[in-house]
Amino acid sequence: MHKVIRILPESLVLKIAAGEVIQRPDAVVKELIENSLDGGATKISIIIKQAGKEFIQVNDNGSGIPKNEVLTAFASHATSKIENLEDLTKITTFGFRGEALASIASVSQVEIKTKYSADEIGTKLIINGGEVLEESKISFSEGTSITVKNLFYNTPARREFFKSNSTEFKHIYDVVERFALSNPKVAFQFISDDEELMNFSLNTQTERIANLFGENFLETLIPFKEETEILSINGFIGKPEFSKKTKSTQYLFLNNRFIINRAINHAVFAGYENLVIKGNFPFVLLHLQINPSKVDVNVHPSKLEVKFVDESLVYKFVLTVVRKAIAQHLNPVILEQTKILYGNNFSDNSFQNSKGIDSAKIAESIIVSTIPNFQFPKNFESLNNIPIDVTQNNINQFEHEKKKDKIEEGMSIWQIHNKYILAQIKTGIMIIDQHVAHERILYEKALQNFENQLPTTQQLLFTQLLHLAPNDYQLLNELLPFLLQLGFEIKEFGKNTFAIDGVPTDVKPGKESTIIQEILTEYKQNQNQIKLNARDNIAKSFACKSAIKAGDSLTENEMRVLIDQLFATKIPYVCPHGRPVMIKISIQELDKRFFRT
Ligand code: ADP
Ligand code: MG
């Protein structure tokens, strides 16, 4: 239903926060696309030249403007979207101030062609610097086409504030990208200086993401969705292991409007717990739908910053949903457990009442339960793939055990088959798997390096170049911060190539050039088998690939150092993958076997 475009009464104008001042080309693009979407368009094309400084055109197949209202549309405070104060509290359109067309037309050369769906004939209007030069009837198929030429041609001083073409283009691209991302049901075409940069047909959200960021990108995302009567949320968050150093990949939409809101941002990051290293940002695409009466869009002129009546409710809601999504990603079994523990109504519609707050609590407890309280196992086999949590309780338990397992003073130790180390302990004998023992040592060391300690690097005499397959190159790029923390000195070196200048001191001589590739392979393998966070995975991969192997011959001194270091770890008894590090056979056991009892 079309409402007539009217000039807002003064009293209402005063209640509306002043609209955005058109400062640069991207603001024009944004206003025009918003008008097209408000007009019900399902197809929008954006054409710019010289980063919009010379030429901006937006074409749509929306409702069009009735022939006798086109002139009014260019008057200040002329809008069809609100009529009275009450409308202001339930805005469902992007626009409502009626300022955009007026202010754009006052600082540029505008041509509009439009045909209202119920009219037979279309209208063309040319306005230069706010002055109507031509108004004519034209035949025009459908929708609206607005061309904005030579922005600020009549206020040259403001053209001075334009940034370089590449900067202005980037701003426009970001604007178009946001609309394309949040409106998959609208076809988008974007052409800049005759180059077609987007041509997306009607899509689903997933397809649109693939259109914009590439098919493979979807694999790095976790989808989420939660609905209640007053709030609903859906979108995608990046798997923690794919977080990036840039902040530009956060897309928050409130009732489809791109917004900036610190509370939501904070809630998202809080939801990741500490799975994302400091300074890194995961991809976030978050659509929040909320009853318009709960949102005040009339706050900031740029309309980007919004306030919620109940900010803490929104915060808890987002946090809950993100946590749940991540918990499920890390351990798909969790969802099942949740259902068993709390029944099927975890994601029910109870969020709006007091029970709803409980669902936040429930989510918290889920996270806690993703890491099972580690009990030292009787049967090592069953330990496979269980993430091991080093709680203080466990450590105390091991401290006690470790004392008993000390190799007795002056006792010999032996290496057998270049694989196992055999030693006498107070209670009997102990057989240590040398590879797994070393793995445990290096794993804990890696975790410590991530925490705080400075890694020790051995500089290479000659820089090693590492040529990688494109996907490995990408992976290494993402894992680089971790590797630097471990003591690697690596930097990008041209296409698909890294230069290695140093490796951690624990890397065996001769392995300097192969270790990275081995770590990447192991990392990918771990990723397929068990869902680990990036940090844990890299620690495990590094430990596994740098550790001494079965077949490596050790001197007695090397064995003693190894055993000392092993017993200095927090959990000397199991390797990071859950395999046993040592087997102990007590005197009693031996006696029994020899029928001494
Ligand atoms: P606002 O969007 O805040 O209402 P604008 O100045 O952007 O103000 O637009 C004025 C009016 O012109 C709108 O209210 C709408 O009725 C009409 N209009 C502008 N662009 C379009 C379009 N692409 N399709 C249909 N109607 C439009
Ligand atoms: Mg508008």
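Which residue has a backbone N or O atom that lies 3.0 Å from an oxygen atom of ligand 1? Select Phe-96, whose backbone supplies that atom.

Before going further, note that this is a predicted model, in which local features need pLDDT of at least 70 and side-chain atom pairs count only at pLDDT 80 or more, while totals for chains, interfaces and linings use all residues. Residues are numbered from 1 along each chain as its sequence is written, ligands are numbered from 1 in the order in which they are written, and side-chain values use heavy atoms, with hydrogens and water left out.

Now select the shell of 20 residues around ligand 1 (a heavy atom within 4 Å), where the closest include Asn-35, Thr-79 and Gly-98. By class, this shell has 7 nonpolar, 9 polar and 4 charged residues.

Finally, display the second largest pocket, in which ligand 1 sits (more than half of its atoms lie within 2 Å of the grid points). A pocket here is an open set of points on a 1 Å grid over the protein atoms alone, with protein on both sides within 12 Å along at least five of seven lines, and lining residues have an atom within 4 Å of a point. The volume of the second largest pocket is about 930 Å³, and among the 44 residues that line this pocket, Asp-38 and Lys-81 are two of the closest to its centre.

Note on methods. Polar contact = N/O pair within 3.5 Å; in protein donor to acceptor, adjacent residues only side chain to side chain. 1 Å grid on protein atoms, 1.4 Å probe; cavity = no way out; pocket = protein on both sides within 12 Å on 5 of 7 lines; lining within 4 Å. Nonpolar A, V, L, I, M, F, W, Y, C, P; charged D, E, K, R; others polar. Points joined across faces, edges and corners; volume = space filled by probe spheres on them.
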